[in-house]
Amino acid sequence: MIVVPCVSPDGKPTKSGLTTLSALKSGASTPEVISEITGQPLFKIRSGLRELINAGFVKQVDEKHQLTPEGSKLIP
Amino acid sequence: MFLINENDVIGLPLLGGKAPEFEAVTTQGTLRLSDFIGSWLVIFSHPADFTPVCTTEFIAFSEIYNELKKRNTELLGLSVDSVSSHIAWIRNIEEKMGVKIPFPIIADLNKEVSKKFGMIHSAQSKTETVRCVFIIDPESKIRTMLYYPLTTGRNMKEILRIIDALQTTDKHKVATPANWNPGDSVVVPPPGTTEQAEERIKEKYDCKDWYLCFKNL
């Protein structure tokens, strides 16, 4: 399965981006755990998290990742 | 590093050394080498998209993709073509040959990654990457380098065999003899002292002599 990057050119999260945001919402905070929950390879999660951070949907505190208020709004 | 001409300095990684870090645009987003830490990684370059030998290789790499996953190994392709070209090519492979390419491909238009890995050999081509294979371990160390000429497609069984050999070596602290395949006897590392050489004879190894002993795993 080919996975597209997590944020599309218009600044909105893609399907795989939303999957990662959902995993964060459910309490996962490290790339390793997100990879396990979503079944996506670790390298894709690490790369996707960088994009989500740059887009303002995720923030990183030490080694942990969490949703920003903007990221939270996207996940019901 | 060695000088080809005034303006053409090419890096050549060393076996056992750290693979050079990079950040590159790929068909699956922007990836860094460090994104792969914790997995084995096969980075391979091909001369150009939409070329016959490369197409057969991409199909062959896709066919061993699941075997690589079983070995905690990721695949990463590279050529100096654009992302649009890569996308068009893999869509064509899927449409015409029914094979989906599941791994990312670096679009190394500025040759930044290819130069770091010594993938351009000007005696073969000044503009295209040759067929290189780098097998990198979970700590980003280069464990194998293979270089093939433009006209010779790679052997996937050999790539899998090398990964099996490296992982066996790491796990059991042994070496693998010529033409080794999983299940075959392995070589016990030679003794470093006379005392070890004498002790070795007592072990239940299959020893041809004190320096050449085999065992089954």
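This is a predicted model: local features need pLDDT of at least 70, side-chain atom pairs count only at pLDDT 80 or more; totals for chains, interfaces and linings use all residues.
In strand β4 of chain B, the bridge partner of Val25(B) is Thr30(B). That bridge is one part of a pairing in which strand β3 (residues 23-26) of chain B and β4(B) run in the antiparallel sense over 4 bridges. Here, two strands pair if DSSP finds at least two bridges between them, and helices (H or I, at least four residues) and strands (E, at least two) are DSSP runs, numbered from the N terminus. Between β3(B) and β4(B) there are 2 residues, and the two strands form a hairpin.

Residues are numbered from 1 along each chain as its sequence is written, and chains are lettered from A and ligands numbered from 1 in the order in which they are written.

In total, 10 residues of chain B are in contact with 12 residues of chain A; contact requires that the C-beta atoms of two residues, placed from the backbone, lie within 7 Å. Strand β4 (residues 29-32) of chain B gives the most to the side that touches chain A, namely 3 residues. By class, that side of chain B has 3 nonpolar, 5 polar and 2 charged residues. In this scheme Ala, Val, Leu, Ile, Met, Phe, Trp, Tyr, Cys and Pro count as nonpolar, Asp, Glu, Lys and Arg as charged, and the others, Gly among them, as polar.

Let us now take chain B as a whole. Chain B has 6 helices and 12 strands, and its C-alpha trace spans about 65 × 45 × 30 Å along the principal axes. Of its 217 residues, 29% count as buried. A residue is buried if 20 or more other C-beta atoms lie within 10 Å of its own, exposed if 12 or fewer, and partly exposed in between, with C-beta atoms placed from the backbone. Among contacts in chain B between residues at least 6 apart in sequence, 63% join residues at least 24 apart.

Which residues have the most contacts inside the largest nonpolar core? They are Val42(B), Ile43(B), Leu76(B) and Phe134(B), in a core of 33 residues. Such a core is a set of buried Ala, Val, Leu, Ile, Met, Phe, Trp, Tyr and Cys residues joined through C-beta atoms within 7 Å. Among the elements of chain B that each supply at least two residues of this core are β5 (40-45), α1 (52-63), β6 (73-79) and α5 (156-172). Leaving aside neighbours within four places in sequence, Val42(B) is in contact with Leu68(B), Thr73(B), Leu75(B), Val133(B), Ile135(B) and Ile159(B). Apart from this core lies another, of 12 residues, among them Cys6(A), Ala23(A), Leu52(A) and Phe57(A).

The axes of helix α1 (residues 15-25) and helix α3 (residues 42-54) of chain A come within 10 Å and cross at roughly 90°. Axes are lines fitted to C-alpha atoms, for helices over the stretch in contact, and angles run from 0 to 180 degrees between N-to-C directions. α1(A) and α3(A) are therefore roughly perpendicular to each other, a label given to angles of 65 to 115 degrees. Ser16(A), Gly17(A), Thr20(A) and Leu21(A) in α1(A) meet Ile45(A), Gly48(A), Leu49(A) and Leu52(A) in α3(A). This contact has 4 nonpolar, 4 polar and no charged residues. The buried residues of α1(A) include Thr19(A), Ala23(A) and Leu24(A). Just after α1(A), Gly27(A) takes a positive phi of about 115°.

Two residues of chain B also deserve mention for their backbone. Most residues other than glycine have a negative phi. Asn72(B), however, has a positive phi near 55° and lies in the loop between α2 (65-70) and β6 of chain B. With 13 other C-beta atoms within 10 Å, Asn72(B) is partly exposed. Ser140(B), likewise not a glycine, has a positive phi of about 70°; its place is the loop between β8 and β9 (142-148) of chain B.

In chain B, 3 strands form an open sheet in the order β10-β12-β11, with antiparallel pairing. β10 (186-188) and β11 (206-209) stand at the edges, each with a single partner strand, so one side of each is left without a neighbour in the sheet. β11(B) and β12 (residues 212-215) pair over 3 bridges, and Asp209(B) has Leu212(B) in β12(B) as its bridge partner.

How values were computed: Angles under 35 degrees count as roughly parallel, over 145 as roughly antiparallel, 65 to 115 as roughly perpendicular and the rest as oblique.
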